[in-house]
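Colleague: I have a model open and would like to go through it one feature at a time. Please give the general idea first, then the case at hand.

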Amino acid sequence: LPEICGLFAASVLAIPTNGQDTGTIVPMVREIVAGARARVVISLSVDGSETMHDAIRGAGTWRRAWSTFEELREIKGISLKVNTVVTSSNVESLPAFAAYVRARGADAHSLILLRGDPRDPSLRPPLPADLRRIGPLLLNELRSYGYAQGGLKARLLWRYHRAAWSTSVATIEQERQVVPCLAGRNHLVIWPDRTAGPCELLPPVGCIEPAGLGPLISGSAWRERCDFIAGGGCWCTHNCALLASLLFHPPSVIRLIASAAGAS
């Protein structure tokens with residue numbers, strides 16, 4: 001992994017982990033930081049209080065995740081983020097948990113709505129009405145990370161997160177792409193078996209070997225999948241897809257810039 005990370009000439013390199021294997025994760029991150037040309041962001045998955053998190057991910061997983069968090073804080077040159085998957089089970093407790101994450105010293109906190117097919121079939125996506133009710137409380141807590149502390153960039157980041165939340169809720173309510181999805185056009189996914197596709201929630205289109213990625217994304221199968229997505233054949237609240245789509249959706253970008261520029 002450190003060797004792969006060193007290949008990317010990117011400004012930010014973000015890596016998610018469940019934080020369970022502290023003894024492997026911490027030295028690996030040190031090696032990644034030493035060889036990376038980008039700012040490294042490590043995201044740890046924590047879904048609520050110890051009782052709530054362990055009920056979802058297994059006994060003892062909460063303590064191991066935070067143990068990894070504390071050891072990673074000793075590494076200079078990285079940012080630490082907490083990722084929380086929002087479900088019908090933990091949605092009510094999220095405002096209090098968001099305050100807890102802030103107090104623990106995280107650099108950022110992402111709230112990711114449950115998508116796909118979870119291993120635990122009892123987990124369900126949150127109801128839009130619940131998301132709209134707790135949204136203002138959560139966004140107010142997330143704003144404390146500095147999005148509103150000055151500067152156009154900070155205000156843009158804050159307004160992006162606010163727009164992403166409202167867009168996600170509207171997408172669930174309307175069961176359609178509220179913002180046109182650009183999956184396969186401005187971002188893609190490569191799986192460990194070397195297959196690739198526009199989105200991780202859809203089947204891969206083909207393999208990048210032996211010809212490479214270029215021939216695959218210029219082929220007819222790739223274009224057909226992109227046309228399917230662009231035609232509204234699917235919808236989701238995938239954070240990565242939403243980020244890439246919002247920032248290349250002219251009406252959304254204009255609203256973000258105008259609101260940020262006009263803020264005090």
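Colleague: What is the strand order of the open sheet of four strands, and is the pairing parallel or antiparallel?

Modeller: Strands of a sheet pair through backbone hydrogen bonds, in either a parallel or an antiparallel sense. This is a predicted model, and in it the open sheet of four strands runs in the order 1-2-3-4 with parallel pairing. Strand 1 and strand 4 (108–113) are the edge strands, each pairing on one side only. On average, neighbouring strands of this sheet are turned by 25° against each other, direction ignored.

Colleague: How many bridges join strand 1 and strand 2?

Modeller: Strand 1 (residues 12–17) and strand 2 are paired in the parallel sense over six bridges. Within that pairing, Ile 15 stands opposite Ile 42 of strand 2. Between the two strands the chain passes through helix 2 (residues 22–35), and this β-α-β crossover is right-handed.

Colleague: How many of the seven residues of strand 2 are buried?

Modeller: In a regular strand the side chains alternate between the two faces of the sheet. For strand 2 (residues 39–45), six of the seven residues are buried, so this strand is largely enclosed by the rest of the structure. Across the protein chain, 42% of the 264 residues count as buried.

Colleague: Moving to the whole chain, how many helices and strands are there?

Modeller: The protein chain has 11 helices and seven strands. Its radius of gyration is 19 Å, close to the 18 Å that the globule rule gives for 264 residues, so the chain is as compact as a globular protein of that length. The C-alpha trace spans about 50 × 45 × 40 Å along its principal axes.

Colleague: What share of the contacts join residues at least 24 apart?

Modeller: Taking contacts between residues at least 6 apart in sequence, 70% join residues at least 24 apart. As for the surface, the accessible area of the protein chain comes to about 14,000 Å², and 57% of that belongs to carbon and sulfur atoms.

Colleague: What is the phi of Glu 175, and is Glu 175 buried or exposed?

Modeller: Phi of Glu 175 is near 50°, a positive value in a residue other than glycine. Glu 175 belongs to the loop between helix 7 (152–174) and strand 5 (189–190). With 53% relative accessibility, Glu 175 counts as exposed.

Colleague: Where is Arg 194 found, and what is its phi?

Modeller: Arg 194 is in the loop between strand 5 and strand 6 (195–197). Phi of Arg 194 is near 75°, again a positive value in a residue other than glycine. Arg 194 counts as partly exposed, at 41% relative accessibility.

Key:
Residues are numbered from 1 along each chain as its sequence is written. This is a predicted model: local features need pLDDT of at least 70, side-chain atom pairs count only at pLDDT 80 or more; totals for chains, interfaces and linings use all residues. Side-chain values use heavy atoms; hydrogens and water are left out. Buried means under 20% relative accessible area, exposed over 50%, partly exposed in between (1.4 Å probe, protein chains only). Two strands pair if DSSP finds at least two bridges between them. A crossover is right-handed if, with the strands pointing away from the viewer, the path from the first strand over the helix to the second runs clockwise. The radius of gyration is taken over C-alpha atoms; the globule rule is 2.2 Å times the number of residues to the power 0.38. Contact means heavy atoms within 4.5 Å. Accessible areas come from the Shrake-Rupley method with a 1.4 Å probe; for residues, only the protein chains shown count as cover. Axes are lines fitted to C-alpha atoms, for helices over the stretch in contact, and angles run from 0 to 180 degrees between N-to-C directions.
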